[in-house]
Amino acid sequence: MITTHLFRIVRSLVATAFGLAAGAAAASDTSYYYDGAQKVALSQVPSLAADFSRSSSGAQARLASGLTPVAGDSVARIYRLPASSTDAQAAPAAKALSPVFARGATAGGRLMALPGGVLVKFKPDWTREQVDAWVAAHGFTAARPMDFGKNWFRIDTAAGVASLLAANAIFESGDVLASSPNWWMQTSAK
């Protein structure tokens, strides 16, 4: 079982992983997530970053700073980092961007990014009070019930690698049946 102390350490890491620059180092060490109980390999796409802000002024600033839009929808915009650097720390306005991943050992395939949040399935005999107590004891702020099954909740986290780290730590605690980041996935061909 993961201890509350370890969750506090993870929460501290999560709190520092707000931007791509902080997330890039953590992402290189975190090359998986859980889909149910199955461990799924991830590959970071180093030349891309996702923007989940809805600000048109932020988008204009990214274009002016050399980021090239390559994909997106009403939730996320995917940008190609400047050719001169795929280093996230060198990317302009990197603090507002999240890493982009692909499922599997190579960076091909459908793009995935992390807008924030973790989807968690608690044990079927847990009451809402037990879920809320677990969430509070592990330093998270809220658990909102999901409509797609009994004892599925969304726990808030920061966007980017923060949600990946939290999801993996929650599942690996052994306290829950499933835990996965709240993925944004590309729905059209790249």
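**Exercise 1. Identify which residues of the largest nonpolar core touch the most other members, and which elements supply that core.**

Solution. The largest nonpolar core has 15 residues, and those touching the most other members are Phe122, Trp134, Val135, Ile155 and Ile170. A nonpolar core is here a set of buried Ala, Val, Leu, Ile, Met, Phe, Trp, Tyr and Cys residues joined through side-chain atoms within 4.5 Å, where buried means under 20% relative accessible area, exposed over 50% and partly exposed in between, with a 1.4 Å probe and protein chains only. Two or more residues each come from β7 (118–121), α4 (128–137), β9 (152–155) and α5 (161–172); helices (H or I, at least four residues) and strands (E, at least two) are DSSP runs numbered from the N terminus. Apart from this core lies another, of eleven residues, including Val45, Phe52, Ala76 and Trp184.

The model is predicted, with local features requiring pLDDT of at least 70 and side-chain atom pairs counting only at pLDDT 80 or more, while totals for chains, interfaces and linings use all residues. Residues are numbered from 1 along each chain as its sequence is written, and side-chain values use heavy atoms, leaving out hydrogens and water.

**Exercise 2. List the residues that Ile155 touches, not counting residues up to four places away in sequence.**

Solution. With contact taken as heavy atoms within 4.5 Å, Ile155 touches Gly117, Val118, Val120, Phe122, Trp134, Val135, Phe140, Ala142, Ala143 and Ile170.

**Exercise 3. Determine the strand order of the open sheet of four strands, and what packs on the sheet.**

Solution. The order is β8-β9-β7-β10, with antiparallel pairing, two strands being paired if DSSP finds at least two bridges between them. The edge strands, each pairing on one side only, are β8 (143–145) and β10 (178–181). From one strand to the next the twist averages 25°. Within the sheet, β7 and β9 pair in the antiparallel sense over four bridges, and Lys121 has Trp152 in β9 as its bridge partner. Helix α5 packs on the sheet, touching β7, β9 and β10, and its direction makes about 170° with that of β10; axes are lines fitted to C-alpha atoms, for helices over the stretch in contact, and angles run from 0 to 180 degrees between N-to-C directions.

**Exercise 4. Decide whether Asn151 counts as buried or exposed, and describe its backbone.**

Solution. Asn151 lies in the loop between β8 and β9. Phi of Asn151 is near 65°, a positive value in a residue other than glycine. Because its relative accessibility is 10%, Asn151 counts as buried.
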